[in-house]
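Please consult the sequence and the model shown here.

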Amino acid sequence: MATIKCIGILTSGGDAPGMNAAIRAVTRSAIYNGIEVKGIYHGYRGLISGEIKSFKTENVSNIIQQGGTILKTARCKEFETPEGRAGAYETLKREGIDALVVIGGDGSLTGARVFAQEFDYPIIGLPGTIDNDLYGTDLTIGYDTALNTIMEAVDKIRDTASSHERLFFIEVMGRDAGFLALNGAIATGCEAAIIPEIYTEIDQLKELVENGFRKSKNSSIVLVAESPTTGGAMHLAERVKNEYPQYDVRVTILGHIQRGGSPSAQDRILASRLGAAAIDALLDGQRNVMVGVRNDEVVYVPFSKAIKYDKPINRELLNTLRKLSI
Ligand code: F6P
C-alpha cells in the first residue's frame, strides 16, 4: 500500500457546527504525523475545479469555536456524474494528494464511496451533519449544537404559547429523520414529537388530539420533523384547524438558524476526537470508512454500512416522551 504523504480535506453538503473543529483536528493530527495537508474549498465542486490551498497549523488557528466551515461547502451535482468525478481525480493527481478526508452527511459520504470504488482511492469520512442520521455512529458533528439551538428557541416560544394558551407546531430540521424532533421535544418538555420513523404506524396527530393533550394544560407545543412523510408543521396545523377548530394554532419553522452558531463543548470534543482518529485510520491502512463514536469509543464504519442502513430511532425515548407529556 502506497505511503500517504499528503492529504486533502473538504467539507460537503449542509454545514454543521463543529466542522471547523474537525478541520483543525485533521490538519493538526496530520502535520503532527509528518503528513502534508491541502484544504479543498467548496466541497466536491472545488475538488473538480482545483480550489486548493496548502494548510499549515496556523491556517486552523482560532477556528475551533466558529460555526460554519472555513473551507466553505456546496452540494455538487457534477460530482454525481462520471465526468465530474474524473475531473476530481485529475485534480488529486495533479496536486499530489494521496488520500482524502471528507466531512459531511449522507449524500457527501455516498459520493465519497462511489469515488473511492471507481478510482481505488483512499477516503476517510467524518459524519458532519446536524441531522444525526448516519448509521454506525451514536452522534454526528453538529447535532448537539443544533439540539441546543432548538432547545433555546422552543423555551422562548413556550413563554408566548402559555401566555396566549395556544397550540404551537414547531418544525425542526432533520431531512426525513426524527432525532432532532424527538430529543428536542424531550429537552423542552413538549407534548409530542411527530417524526417520520413511526409515521406510517399510526396517525400521530389523531392520537395526540384524541388522548386529550390539553387536559391538564393550557398550552401545548408539538415538534414536527421536516419530512415529506409528516407533511411538515404547516400541513399538520392546517389539519388541526380544520378537524379541531377549538384550538388556537400557530406555526414556527425554525429553519437554518439550527445550522448556525458556535459549536457546543460536546461537538468540539467529538470533532476533535474524530478528526484525530481519521488520521490514525489512514496511518493504520484503513480505507473507505466513516469514523464514528459508539458508547464513547471511536469506531470505524464501512461507507457501505453508514450509508445503506437507516439509523433506528430509540423507542425508549418515544416512550419517555409519552409518559412525561401527560
Ligand atoms: O442535512 C442538513 C440539513 O440542514 C437538513 O436538515 C435539511 O433538510 C437540509 O440540510 C437543508 O438543506 P439546504 O440548506 O441546502 O436547504
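## Composition of the ligand shell

The shell around the ligand comprises one nonpolar, three polar and five charged residues; Ala, Val, Leu, Ile, Met, Phe, Trp, Tyr, Cys and Pro count as nonpolar, Asp, Glu, Lys and Arg as charged, and the others, Gly among them, as polar. Surrounding the ligand are Arg75, Thr129, Asp131, Met173, Gly174, Arg175, Glu226, His256 and Arg259, where a residue is near if one of its heavy atoms lies within 4 Å.

The model is predicted: local features require pLDDT of at least 70 and side-chain atom pairs pLDDT 80 or more, while totals for chains, interfaces and linings use all residues. Residues are numbered from 1 along each chain as its sequence is written, and side-chain values use heavy atoms, with hydrogens and water left out.

## Polar contacts and burial

Glu226 places a side-chain N or O atom 2.4 Å from a ligand oxygen atom. For Asp131, the distance from a polar side-chain atom to an oxygen atom of the ligand is 2.7 Å, and for Arg259 a polar side-chain atom likewise lies 2.7 Å from a ligand oxygen atom. The protein buries 75% of the 400 Å² that the ligand exposes when taken alone (Shrake-Rupley method, 1.4 Å probe).

## Domain setting

An automatic or database assignment divides the protein chain into domain 1 (6–142 + 263–308) and domain 2 (144–259). Both domain 1 and domain 2 give residues to the shell, so the ligand lies between them.

The C-alpha centres of domain 1 and domain 2 are 33 Å apart. In contact (heavy atoms within 4.5 Å) are 13 residues of domain 1 and twelve residues of domain 2.

How values were computed
A polar contact is a pair of N or O atoms within 3.5 Å; within protein, one must be able to donate a hydrogen and the other to accept it, and residues adjacent in sequence count only if both atoms are side-chain atoms.
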